[in-house]
Amino acid sequence: MKKNVLIVTYYWPPAGGPGVQRWLKFVKYLPDFNINPIVFIPDNADYPLVDNSLLDDVSEDITILKSPIREPYKFAKLLTGKKATTISKGIITERTKQSRIECLMLYIRGNFFIPDARKSWVKPSVALLSDYISKHNIDTIITTGPPHSVHLIGLKLKEHFGVKWIADFRDPWTTIGYHKELKLTRASEAKHKRLESQVLNTADDIIVTSSPTKREFEAITNAPIHVITNGYDKVSTGAISLDEKFTLAHIGSLLSKRNPKVLWRVLSDLVKANPEFAQDFQLNMVGSIGEDVLESIEKFGLNRYINAVGYVSHQEAIVYQKQSQVLLLIEIDSEDTKCIIPGKLFEYLVSNRPIVAMGPEATDVEQILKTTNTGQYFLYKDYAGLKHVILNHYESFKKGSLQSYPIGLQKYSRRALTESLSKIL
């Protein structure tokens, strides 16, 4: 008989964005390893991004349980409109530019909704799942966050039934960058820390997506911690022709602090110094862009070179990745982001396009790029190195020889990663 595993997740199709991909793919491949996934999701979630194409990856054979959820962001939208949506996406304006209403929203979010705005889903979910577990043979429960309130569902079920509980952290809890922007009181910060410690010390196993997060959590708990990164899956796109222009493409959100002014300066200088480069160059922005980023790009005179595409479906994003000449991977230049490995990195790896990445020192992203031979990684201060590589890529583009030569990618396939997960289960 297959082993029954209950997976509790907030993000599920038709949710769009990177948060949904991880467990959508695990659920897709778990049956190959004699595991029967049962997925519990909110019935009426207010997802900030929607991608109906992801529903195609949900097998009709998978049991999906649903329970209604009250979404505070729905009410906030009635009062503030667009601002509530941007905050729910994690896009937070620089402190000096925040309006009074945004400051108030961040204060309320941080201090009245601990650990997050989905906390009201915990109690009814525990009640529904307690009944389900009592009637079915559930061997293991998995919770995945953020939102980290989902872990509180696992905590309550573990305490009540004593079943095996695995807590999966796609991002850290109290050290993630936006956590510092929530205008927390000392009491609220202490409550976050207390809940985080309780989850980490009650779960039977912890799964994280990067080595820095593992090291962080090892200081809090003695529970086994496993690193299982995100990965790539096979996506059928048919034949795709490369862009005729020298396109640098960033796929995904560019938040206010993810603003590499050194890159804009390099591109601005290349455009001014080389008319042929200026004629060939195009900057594709596929996803949400923060106002501060747009202001910086305008300041460096790059507006005329931008193709601002906005949010697209996952399928369309893959097409942009494969047709672009160079792919940009930009992370916030902060100690807090060393633990972040953007999910799109792994799809970048199999696009056969060279990657130019930027971020803080000593990250897993830098090591992955080196070991897979798929791109170069730069610090925010490395003007000369960044300019040199972009010029080299441009020269290869003019010769028709620009591509990457990856090695050792198989271990990042979704199926291989699911096999690693099955061994923990």
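The legends below describe close-up views of a predicted model. Residues are numbered from 1 along each chain as its sequence is written, and side-chain values use heavy atoms, with hydrogens and water left out. In this predicted model, local features need pLDDT of at least 70 and side-chain atom pairs count only at pLDDT 80 or more, whereas totals for chains, interfaces and linings use all residues.

**View 1. The largest cavity and its lining.** One cavity of 30 Å³ or more is present in the structure. A cavity is a set of points on a 1 Å grid over the protein atoms alone where a 1.4 Å probe fits but cannot get out, and lining residues have an atom within 4 Å of a point. The largest cavity holds about 60 Å³ of space, a volume being the space filled by probe spheres set on the grid points, which are joined across faces, edges and corners. Its lining includes Leu329, Glu331, Thr337, Ile340, Met358 and Tyr377. By class, the lining comprises eight nonpolar residues, two polar and one charged; Ala, Val, Leu, Ile, Met, Phe, Trp, Tyr, Cys and Pro count as nonpolar, Asp, Glu, Lys and Arg as charged, and the others, Gly among them, as polar.

**View 2. Thr337, a residue of the cavity lining.** Thr337 is placed in the loop between β11 (326–330) and α13 (344–349); helices (H or I, at least four residues) and strands (E, at least two) are DSSP runs, numbered from the N terminus. Thr337 is buried at 7% relative accessibility, where buried means under 20% relative accessible area, exposed over 50% and partly exposed in between (1.4 Å probe, protein chains only). The Thr337 side chain reaches the backbone oxygen of Ile332 at 2.5 Å. Leaving aside residues up to four places away in sequence, Thr337 touches Glu331, Ile332 and Pro360, contact meaning heavy atoms within 4.5 Å.

**View 3. Val20 in the loop between β1 (3–8) and α1 (21–29).** With a relative accessible area of 1%, Val20 is buried. Not counting residues up to four places away in sequence, Val20 touches Tyr11, Trp12, Pro13, Ala15 and Leu54. Asp280 is 260 residues from Val20 along the chain, and their C-alpha atoms are separated by 36 Å.

**View 4. Val122 in helix α5 (residues 122–135).** Val122 is buried, its relative accessible area being 11%. Beyond residues up to four places away in sequence, Val122 touches Ser149, Leu152 and Ile153. His151 lies 29 residues from Val122 in sequence, with 8.9 Å between their C-alpha atoms.

Terms used
On a 1 Å grid over the protein atoms alone, a cavity is a set of points where a 1.4 Å probe fits but cannot get out, and a pocket is an open set with protein on both sides within 12 Å along at least five of seven lines; lining residues have an atom within 4 Å of a point. A polar contact is a pair of N or O atoms within 3.5 Å; within protein, one must be able to donate a hydrogen and the other to accept it, and residues adjacent in sequence count only if both atoms are side-chain atoms.
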